[in-house]
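Here is a friendly set of questions and answers for anyone meeting this structure for the first time.

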Amino acid sequence: MATTLSARAAPPPAPAAARTGARRYRTAAMFMAPAGLGFLVFFAYPLVATVYYSFTRYDLINPPQFIGFDNYLRMFTSEPLIRTAAYNTLWLVVVLTVCRVVFALGVASVISRLKAGVGLVRTLCYLPSLAPPAAATLAFVFLFNSEFGPVNRFLKLVGIDGGLWFNSPTMSKPALTLLALWGSGELMIIILAALLDVPPEQYEAAQLDGAGPIRRFWHVTLPSISPVLTFGVINSIIYALQFFTQAIVAGSAAAGSADVAGNSKYIGAPLNSTLTYPVWLYVQGFRYFNMGYAAAMAVLLFVVSAGFTWVLVRQLRRSSHQEETV
Amino acid sequence: MTTLSEVATHRPASVPPRVRVRQSWNRRLHWVATHAIGLALGIIFTLPMLFVLLTAVMKSDQAMSASLWPTEWHFENFVAVFDRSPLLEYFANSMIYSVLATVGALLSAIPAAYALSKLRWRGQNVCFMLIVSAMMLPPQVTIVPLYDLWVRLGLTGTLVPLIAPYFMFDAFSIFLLRQFFLTIPRDYLEAAKIDGCSEFQAMVRVLLPMAKPGIAATAMFCFLFTWNDYFGPLLYTGENQDHWPLSLAIASFRGMHHVEWNLTMAATALIMAPVIVLFVVAQRTFVRGITFTGVKG
């Protein structure tokens, strides 16, 4: 941090330099004005206000009423569903992150070894990640449905009994994970770019030293793509922490709801197994209008995700610093 | 593009001929295996889309059966969905949201990205890190006061709360544009300024033409993000069907006609189509943009 800042610090204030410094500030301020104002209105203010609301009871109609730590007490002691919601999100953070990074790395290394059809395979693997999550979820609910879904048909061909997937409390989160893997193309492309950036001489050197493919991967590939993998892990964790659309659409579609997913009374179906933390926050705040309670949930979400964000920001600062000094 | 298998082909020249033959067989086997896996991956990723399309052209009762291949091809299903649901209106809402938000994001993010990459001022790093934090944090963190704000302004139930913020602040666009701008040498701008251009003129006349690919990528990601957005529209327009974008409408379409999987899949395919067309048209821009978000991240 110190080096980054000092690299940019102004030279000792000679009168002329001070003048250009002031002008520089004015120019920068003009360029930053809209974004700065927007940052304050749409990010900084709501962040602070969330903390304030978390200490109140507020239903959008009556003025907020200060209740101290009641919301937090309720969150940690008496409210049963938040525990389910936190468990579901934690499940996703662990399983989905591991699966997503390993899977994306696997696919990317296959693509990086291809000589023919690289562009085609890359496109086919990447395209699904562009599909609107609501539509992709609907497609998966259909593909995985137990009566006539193609997936279970294929599984039957190889002698596996497919199960209920989105209609089963134990299978719904694994099904959501498969959906997330189908849409992990962006991470694949990022890892692929990093794999292709590994200097080929390093592989040659390792090979001359007698390193086999596994050791080459372990000692050459992994170290040189580790920054990108860190990015992938943090990115996936934050993706899992805010997992909302797929969960809410899958829950109500599988339950056969006849309403917009968010308005449905089937949220979290089956048996609250798709009730993620953001979904429960949404229901508390915008279905039950317990805005104070939702704000307290948001504060907790902030604390958790801020930790991961910080790791990424630190890494980014390091890499952007290198870039500037080159 | 250097691939790993190319690297593997570099062998010392002094290998005896018989070993070389075996190695070439090994290499061929390796080639076949790798490409078989690659092909399989491509197919697996495509299958869900394929089944969506095949189901979309089935008769209603066949879509509810175990058969995978349509016995009759009902391409008119793609037309029928428009009778069932005001898809065109939803499409218009999606377009309004995505196009305006993209325009707004570029207008507000270009100057900010310029200031963060091409000007030098104390505190610019801190500003940039704040923007990255805003980009990374889950949207649910700030949603309670924001919703409250839009309720007080009387604008919930419209697309305004979704679009307006982009005209001032979109963290991701600022981030991506800054990363692109950093790759453009400062010298060109310095030269323009020596020729008497102001900072603003230098940005518009020199930097922007050179940064076109980056701007295109940013615009596409912004369009894609808003097109696919579900949480925002649910929150602000959920109560008002007239302002639903496609992403929200599709989930309810499934609800209204939950027996008719063929029509649901036809609608699903229709909402995916614009995004796929966009990708096919501008594949290079996309792929470059993604690598930018990650490698520099």
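Q: What makes a residue buried, exposed or partly exposed?
A: A residue is buried if 20 or more other C-beta atoms lie within 10 Å of its own, exposed if 12 or fewer, and partly exposed in between. Please keep in mind that this is a predicted model.

Q: Why is A:Phe289 called partly exposed?
A: A:Phe289 has 14 other C-beta atoms within 10 Å. Phi of A:Phe289 is near 55°, a positive value in a residue other than glycine.

Q: What makes A:Asn272 partly exposed?
A: The count for A:Asn272 is 19 other C-beta atoms within 10 Å. Buried would need 20 or more, so A:Asn272 is partly exposed. A:Asn272 sits in the loop between α12 (245–254) and α13 (277–287) of chain A, and has a positive phi of about 60° although it is not a glycine.

Q: How do you know whether A:Ser112 is buried or exposed?
A: A:Ser112 has 23 C-beta neighbours inside 10 Å. The cut-off for buried is 20 or more, so A:Ser112 counts as buried. A:Ser112 belongs to helix α4 (residues 80–113) of chain A. Between A:Ser112 and A:Ala194 there are 82 residues in sequence and 10.0 Å in space, C-alpha to C-alpha.

Q: What makes the buried residues of α11(B) line one face of the helix?
A: The buried residues of α11(B) are B:Glu199, B:Ala202, B:Met203, B:Val206 and B:Leu207. Seen down the helix axis, these buried residues fall within an arc of 125°, so they line one face of α11(B). In general, an α-helix has 3.6 residues a turn, so residues three or four places apart point the same way. The face of α11(B) turned away from the buried side carries the exposed residues B:Arg205 and B:Pro209.

Q: What makes up chain B?
A: Chain B has 16 helices and zero strands. Buried residues make up 46% of its 297 residues. Chain B is divided into domain 1 (4–56) and domain 2 (79–295), and 38 Å separate the centres of these domains, taken over C-alpha atoms.

Q: How many residues of domain 1 and domain 2 of chain B are in contact?
A: Four residues of domain 1 of chain B are in contact with six residues of domain 2 of chain B. Contact here calls for C-beta atoms within 7 Å. The side of domain 1 that touches domain 2 has three nonpolar, one polar and no charged residues.

Q: What does each chain bring to the contact between chain A and chain B?
A: The contact takes 102 residues from chain A and 93 residues from chain B. Helix α2 (residues 15–53) of chain A gives the most to the side of chain A that touches chain B, with 20 residues. By class, that side of chain A has 74 nonpolar, 18 polar and 10 charged residues.

Note on methods
Residues numbered from 1 in each chain as written. Chains lettered and ligands numbered in written order. Predicted model: local features only at pLDDT ≥ 70, side-chain atom pairs only at ≥ 80, totals over all residues. Helix = DSSP H or I, 4+ residues; strand = E, 2+ residues; numbered from the N terminus. Arc of directions from axis to C-beta. Domains from an automatic or database assignment. Contact = placed C-beta atoms within 7 Å. Nonpolar A, V, L, I, M, F, W, Y, C, P; charged D, E, K, R; others polar.
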